[in-house]
2 protein chains.
Amino acid sequence: MLRTKTCGELRIEHVGQTVTLSGWVQRTRDKGAMVWIDLRDRYGITQLILEEGVSDAAHLTLAKSLGREDVIQAEGLVIERSAKNANIPTGEIELKITSLKVMNKAKTPPFTIEDDTDGGDELRMKYRYLDIRRNPVRSALELRHRLSIEIRKYMDALNFLEIETPYLIKSTPEGARDFVVPSRMNPGEFYALPQSPQTFKQLLMVGGIDRYYQIVKCFRDEDLRADRQPEFTQIDCEMAFVERKDILDTFEGLIKHLFKKVLNVELPEFPHMTYADAMQYYGCDKPDLRFDMKFVELNNLVKGKGFPVFDAAELVVGINAQQAASYTRKQLDALTDFVKKPQLGATGLVYLRYNEDSTLKSSVDKFYSPEELQKWATAFNAKPGDLILVLAGGADKTRKALSELRLHLAEELGLRDPKVFKPLWVIDFPLLEYNEDEKRFFAMHHPFTSPHADDVHLMNSDPGKARANAYDMVINGVELGGGSVRIHNRELQKHMFSILGFSDEEAQNQFGFLMNAFEYGAPPHAGLAFGFDRMCAIFSGKDSIRDFIAFPKNNSGRDVMIDSPSFIDQKQLEELSLIVNKK
Amino acid sequence: MLRTKTCGELRIEHVGQTVTLSGWVQRTRDKGAMVWIDLRDRYGITQLILEEGVSDAAHLTLAKSLGREDVIQAEGLVIERSAKNANIPTGEIELKITSLKVMNKAKTPPFTIEDDTDGGDELRMKYRYLDIRRNPVRSALELRHRLSIEIRKYMDALNFLEIETPYLIKSTPEGARDFVVPSRMNPGEFYALPQSPQTFKQLLMVGGIDRYYQIVKCFRDEDLRADRQPEFTQIDCEMAFVERKDILDTFEGLIKHLFKKVLNVELPEFPHMTYADAMQYYGCDKPDLRFDMKFVELNNLVKGKGFPVFDAAELVVGINAQQAASYTRKQLDALTDFVKKPQLGATGLVYLRYNEDSTLKSSVDKFYSPEELQKWATAFNAKPGDLILVLAGGADKTRKALSELRLHLAEELGLRDPKVFKPLWVIDFPLLEYNEDEKRFFAMHHPFTSPHADDVHLMNSDPGKARANAYDMVINGVELGGGSVRIHNRELQKHMFSILGFSDEEAQNQFGFLMNAFEYGAPPHAGLAFGFDRMCAIFSGKDSIRDFIAFPKNNSGRDVMIDSPSFIDQKQLEELSLIVNKK
């Protein structure tokens with residue numbers, strides 16, 4: 001080893017030992033007769049000291065010449081510091097240098113290697129290898145590692161087998177767009193990279209592997225949005241001979257285990273909420289339950305009182321922001337502007353302020369008497385000091401806008417504490433959604449999802465009304481994972497494909513291997529998948545997944561460090577029997 | 001759960017309990033008044049019993065109708081068997097059925113689900129989901145899982161971080177052929193799938209992650225040979241601030257840990273052998289040390305005695321097959337045929353039999369006196385009962401042929417016991433090999449390998465003579481993994497690329513990101529990678545890697561189960577700006 005200790009491990013009890021450290025120069029302080037070097041590695045920082053008349057003169061000269069990020073090896077005697085630094089674990093000691101060697105010089109880095117760097121996003125990505133030296137990025141990768149270790153411990157203890165499924169699979173037009181890989185040996189034919197190992201894990205169930213999981217890369221060629229990556233990591237899981245309850249219990253257990261082991265947080269039992277309730281009370285299928293502000297529908301209270309906006313609205317619905325009555329006119333105007341943004345498209349915002357003196361003040365005073373407004377307040381269970389905000393319009397659009405307002409307000413009121421975790425299961429999603437453009441149903445989850453046991457009869461009569469036996473795990477308004485009980489019967493699967501507009505031939509051509517497998521003794525099975533990048537971000541209370549990926553791509557799907565994608569040799573194209581069609 | 005116990009866990013102490021099992025019908029025996037069902041799942045087989053007059057008549061009828069691989073759920077009372085079966089762990093009990101339900105019928109499988117199946121390779125691959133139900137395949141996947149768990153335990157305990165590197169990277173013409181992925185958003189540009197995460201793990205070292213590993217899929221678009229897969233799994237590792245010894249110690253430790261934990265085998269310290277010695281004494285760089293038969297060179301003893309074949313040969317070299325003097329004339333002829341095969345190309349085989357009565361009998365008696373032959377025997381340290389076999393010709397070709405003969409003979413003599421494990425490190429490989437066709441050097445390992453410390457001076461004067469600081473771990477004649485100390489200096493890396501025939505511009509264009517990184521404080525680093533598929537096979541004493549991969553491709557790179565690669569939609573091609581050039 002080119003070191004005997006790391007830069008993070010020396011303590012007062014090591015005083016008197018001669019040790020060798022290797023690492024990067026964080027900074028030097030040159031006081032003429034004395035030079036201090038802060039030496040950094042993955043484990044911490046240790047102070048080195050050289051002194052004129054004591055240290056070797058050549059070493060002192062060398063030390064004075066060192067620049068930031070030079071890689072050095074230093075041997076020395078651990079001594080007690082006179083001026084201790086209580087902020088770092090090695091702050092009680094320093095290393096009196098007896099030998100000093102430069103292993104590799106460094107050019108001045110394009111940004112500072114500090115927790116708060118002066119480097120912008122693009123520069124950090126281009127020099128990601130320097131960015132990774134910074135504590136926040138390294139810690140993010142360490143957290144990811146720790147989570148993966150604990151996931152595997154939990155799964156292994158429950159007899160789940162981690163099984164690798166193939167990366168070179170078959171393209172299917174259903175779902176998102178595939179990345180494809182031309183086959184050189186079969187001109188014109190392509191493999192596809194998996195969007196998920198869905199069909200393979202189901203085949204493993206047919207194969208008798210009743211408990212499978214895999215931490216696995218998946219790929220989607222989507223038009224990228226902010227914080228979407230073309231390659232992402234899933235924790236992919238499947239079980240046979242189970243019902244929904246078993247899946248929810250098992251994976252609620254996993255998440256509790258991770259929170260306990262990694263964050264020392266004990267989570268309570270996860271509540272279950274139907275999709276219908278989530279939409280009615282929170283306006284979205286992944287409600288943030290760190291705060292209340294449940295939707296209250298007012299149609300019965302507000303209609304027919306002469307206020308045309310409410311009278312014309314399909315839905316009048318509001319939230320109660322507790323202790324927000326102090327919102328100023330200006331703040332209320334800003335909220336109104338927020339809901340009027342084109343993405344939300346509300347026409348206005350009605351407020352009802354429940355003053356501390358128990359009087360009520362509303363923006364629609366002239367249509368509603370104090371007694372009527374008191375009824376509103378009662379409906380919201382409001383107390384003096386609360387602020388009620390009401391939207392009206394088409395039901396879906398209004399719920400969506402109110403959902404955004406609810407989150408926005410909670411943010412403003414400091415109710416979205418990243419250190420508080422409120423998980424829940426959202427269940428009973430719709431099975432299908434109708435696409436008006438294509439005039440056909442699409443699977444809301446995927447085509448392998450089983451209808452809810454109570455709704456199987458609807459599959460012939462009114463499939464659009466059927467609920468799926470599907471579930472999502474949501475934490476703090478973010479979908480952490482989701483899955484479903486699967487179809488394991490050939491006829492039902494075939495019927496599902498026909499509902500989705502597949503001809504028998506198309507279904508057989510694309511998914512024949514799965515439907516055939518169902519004929520050879522397929523057990524009942526169910527599963528789910530978690531987004532691992534997102535999970536890491538949630539555990540850190542961060543919004544962006546970027547820093548939890550060692551080498552992420554930018555929002556155009558480009559790796560700016562290695563400069564990829566890139567052009568390939570004409571010879572490569574010819575071997576693949578491909579011509580680029582430059583339009 | 002659709003079961004309360006698995007088919008592998010019921011024992012005599014469960015007698016009297018009512019349990020529910022789910023699984024596959026392995027077989028039924030119908031004796032009219034009594035029906036037995038062997039119910040199978042991943043964990044074992046449990047016998048179910050139904051009896052006329054005791055069991056429900058409908059259940060009895062249903063039981064009689066069951067076919068192989070039907071999926072059933074059975075509730076019953078655990079009772080003690082009268083006729084116990086000592087061959088299976090559940091053999092002391094059976095389940096007296098109180099409820100029986102068919103969960104899914106099965107068509108008759110195309111091959112038997114038994115340890116020794118009647119299904120050929122192609123059929124098994126097409127119905128891999130049925131093949132996986134068989135114990136040997138399931139056990140292979142279980143072994144793979146167990147190895148991966150133990151690898152991660154060991155690495156995590158040593159502070160290695162598992163870090164995921166990207167799959168969509170950049171194509172580089174050096175090395176094997178890349179699989180490429182067209183970028184829809186950048187017409188004409190491509191990503192490449194990684195042949196290994198080599199440059200990324202080196203960048204992690206530059207990034208201060210001093211201990212990295214990853215169990216990761218890699219891809220090579222090679223013309224497939226038997227038992228090669230286009231996608232394969234590596235255990236990829238790298239360390240900073242280390243020398244060769246540290247890598248060898250750390251990963252010798254890993255392999256010892258795995259053998260101890262998974263096979264309960266204690267391995268001794270691994271011997272080190274130079275590449276030069278391996279070639280001289282075993283004729284190959286991955287010697288099988290389960291048996292001796294070290295090469296003995298005879299040039300000094302045999303030349304100038306009038307035997308023209310030996311006189312003309314560059315090298316005369318042989319092996320001593322202990323206790324093989326009883327080989328018949330016919331067996332010796334077969335060995336001669338073996339070495340004369342076109343792949344080996346020897347012109348003949350000379351033998352010297354050391355008879356039990358201490359007389360010597362050779363095929364070249366007329367050229368060599370008994371005293372001279374006795375000198376041969378002494379050189380081989382031969383004893384009565386041994387058989388010496390000698391080849392002659394060009395040195396490289398003769399060593400290669402003798403190496404093959406050595407393995408062939410050991411196989412015949414039963415010296416290649418798959419339960420015996422003889423690991424070693426082969427070190428000091430050549431850095432470069434000269435390609436006569438392309439008239440240039442190629443890197444023997446890869447272009448990032450550091451020359452041996454003693455040979456750096458040769459990099460300018462005679463690079464073809466330089467040894468690499470590279471090492472392979474070999475077990476039982478199979479390369480389990482290999483790696484090297486890396487170059488971490490920009491100038492040396494640049495010089496290496498120039499030796500390999502890269503122009504400065506080409507080097508910068510393809511590997512500029514790495515060479516630039518070396519300027520910002522790159523630490524000394526080294527690493528290696530193990531072939532995980534191969535490791536699984538070695539631990540099982542198997543030759544083929546196929547069964548250790550859940551869904552392997554055939555020798556044409558095709559997945560015959562899902563029928564991939566396949567044609568894609570014209571619309572997909574258009575989106576990718578590609579035209580297939582049908583020649």
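In the predicted model shown above, Arg353(A) stands opposite Lys361(A) in strand β15(A). Strand β14 (residues 350-354) of chain A is joined to β15(A) by 3 bridges, and the two strands run antiparallel. Strands and helices are DSSP runs numbered from the N terminus, with at least two residues (E) for a strand and at least four (H or I) for a helix; two strands pair if DSSP finds at least two bridges between them.

This is a predicted model, in which local features need pLDDT of at least 70 and side-chain atom pairs count only at pLDDT 80 or more, while totals for chains, interfaces and linings use all residues. Residues are numbered from 1 along each chain as its sequence is written, chains are lettered from A and ligands numbered from 1 in the order in which they are written, and side-chain values use heavy atoms, with hydrogens and water left out.

**The open sheet of chain A**

- The pair β14 and β15 belongs to an open sheet of 5 strands in chain A, in the order β12-β13-β16-β14-β15, with antiparallel pairing.
- The edges are held by β12 (296-297) and β15 (360-362) of chain A; each has a single partner strand, so one side of each is left without a neighbour in the sheet.
- Helix α10 (residues 329-340) of chain A lies across β14 and β16 (387-393) of chain A, and makes about 30 degrees with β16(A).
- Helix α11 (residues 370-379) of chain A also packs on the sheet, where it touches β12, β14, β15 and β16 of chain A; its direction makes about 85 degrees with that of β14(A).
- For these angles, axes are lines fitted to C-alpha atoms, for helices over the stretch in contact, and values run from 0 to 180 degrees between N-to-C directions; contact means heavy atoms within 4.5 Å.

**Domains of chain A**

- The domain assignment gives domain 1 (12-104), domain 2 (137-272 + 423-570) and domain 3 (291-412) in chain A; such bounds come from an automatic or database domain assignment.
- The centres of domain 2 and domain 3 of chain A, taken over C-alpha atoms, are separated by 38 Å.

- In chain B, 5 strands close into a barrel in the order β1-β2-β3-β5-β4, and the pairing is mixed.
- From one strand to the next, the twist averages 55 degrees.
- Strand β1 (residues 18-30) and strand β4 (residues 71-80) of chain B pair in the antiparallel sense over 7 bridges, and Val19(B) stands opposite Gly76(B) in β4(B).
- Helix α1 (residues 57-65) of chain B lies across β1, β2 (34-41), β3 (44-51) and β5 (93-104) of chain B, at about 75 degrees to β5(B).
- In chain A, β1(A) and strand β4 (residues 71-80) pair in the antiparallel sense over 7 bridges, with Val19(A) opposite Gly76(A) in β4(A).
- Strand β4(A) also pairs with strand β5 (residues 93-104) of chain A, in the antiparallel sense over 10 bridges; there, Val71(A) has Asn104(A) in β5(A) as its bridge partner.

**How the two chains meet**

- In the interface, 126 residues of chain A are in contact with 126 residues of chain B.
- Of the interface residues of chain A, 100% are also interface residues in chain B, so the copies meet through the same surface.
- The two chains bury about 11,300 Å² between them, 58% of it on carbon and sulfur atoms; buried area is the accessible area (1.4 Å probe) that two parts lose on being put together, summed over both.

**Salt bridges**

- Side chains of opposite charge can pair when their charged atoms come close.
- Between chain A and chain B the count is 20 salt bridges.
- Arg177(A) and Glu575(B) meet through their side chains in a salt bridge (2.9 Å, N to O).
- Within chain A, the side chains of Asp38(A) and Arg27(A) form a salt bridge (2.8 Å, N to O).
- This pair links distant parts of the chain, 11 residues apart: Asp38(A) is in strand β2 (residues 34-41) and Arg27(A) in strand β1 (residues 18-30) of chain A.

**Backbone details**

- Ser564(A) and Pro565(A) are joined by a cis peptide bond, with omega about 5 degrees; Pro565(A) is in the loop between α16 (532-539) and β23 (566-567) of chain A.
- Lys439(A) has a positive phi of about 55 degrees although it is not a glycine, and lies in the loop between β18 (432-435) and β19 (440-443) of chain A.

Key. Salt bridge = Lys/Arg side-chain N within 4 Å of Asp/Glu carboxyl O.
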